[in-house]
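Colleague: I would like to learn how to read a structure like this one. Could you take me through it feature by feature?

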Amino acid sequence: MANYLLEKLDDNNDIFAVISVMSRKMYELRRDRLDVYNAYRKLSREEHNHVVAEVLLPF
């Protein structure tokens, strides 16, 4: 999941846009990247926060 966010961040260079798109586009994520969608669905709220923190730490 963190790798997917980092990949999209490289494309967009805007972490807030990436997170916003992921929350709004779960259908497309499921269709295009089922592995990422399944990983996302299995995370607890604390794990979601940890992934976002990992992505934001370099900034």
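The dialogue below goes from the overall fold to single residues.

Modeller: Keep in mind that this is a predicted model. Ask about one feature at a time.

Colleague: How many helices and strands does the chain have?

Modeller: Begin with the secondary structure. Here it comes to five helices and zero strands. Read from the N terminus on, the order of elements is α-α-α-α-α.

Colleague: What share of the residues in the chain is buried?

Modeller: A residue is called buried when its relative accessible area is under 20%. In this chain of 59 residues, 24% are buried. The accessible surface is about 4,500 Å², and carbon and sulfur atoms account for 50% of that surface.

Colleague: Which residues form the largest nonpolar core?

Modeller: The general idea is that in soluble globular proteins, nonpolar side chains tend to be buried together. In this model the largest nonpolar core has five residues, namely Tyr 4, Met 26, Leu 29, Val 36 and Tyr 37. Two elements, helix H3 (26-32) and helix H4 (34-42), each give two or more residues to this core. Met 26 also shows how contacts are read: leaving out residues up to four places away in sequence, Met 26 touches Tyr 37 and Tyr 40.

Colleague: What share of the contacts joins residues 24 or more positions apart?

Modeller: Count the contacts in the chain with a separation of 6 or more, then look at how far apart the partners are in sequence. Residues 24 or more positions apart make up 53% of those contacts. Sequence distance and distance in space are separate things to read. Val 52 and Leu 6, for example, are 46 residues apart in sequence, and their C-alpha atoms are 9.9 Å apart. Val 52 lies in helix H5 and is partly exposed, at 26% relative accessible area.

Colleague: What does His 48 touch?

Modeller: His 48 is in helix H5. Its relative accessible area is 14%, so His 48 counts as buried. Not counting residues up to four places away in sequence, His 48 touches Tyr 40 and Leu 43.

Colleague: Which residues form salt bridges with Arg 31 and Arg 33?

Modeller: Look for a side-chain nitrogen of Lys or Arg within 4 Å of a carboxyl oxygen of Asp or Glu. By this rule there are two salt bridges. Arg 31 pairs with Asp 32, with the closest N and O atoms 3.0 Å apart. Arg 33 pairs with Asp 35, and there the closest N and O atoms are 3.4 Å apart.

Colleague: Are these two arginines buried or exposed?

Modeller: Read each one against the cut-offs. Arg 31 has 53% relative accessibility, so Arg 31 counts as exposed. Arg 33 has a relative accessible area of 28%, so Arg 33 is partly exposed.

Terms used
Residues numbered from 1 in each chain as written. Predicted model: local features only at pLDDT ≥ 70, side-chain atom pairs only at ≥ 80, totals over all residues. Heavy atoms only, no water. Core = buried A, V, L, I, M, F, W, Y, C linked by side-chain atoms within 4.5 Å. Buried < 20%, exposed > 50% of the residue type's maximum accessible area, 1.4 Å probe, protein only. Helix = DSSP H or I, 4+ residues; strand = E, 2+ residues; numbered from the N terminus. Contact = heavy atoms within 4.5 Å. Areas by Shrake-Rupley, 256 points an atom, 1.4 Å probe, with all protein chains shown as cover.
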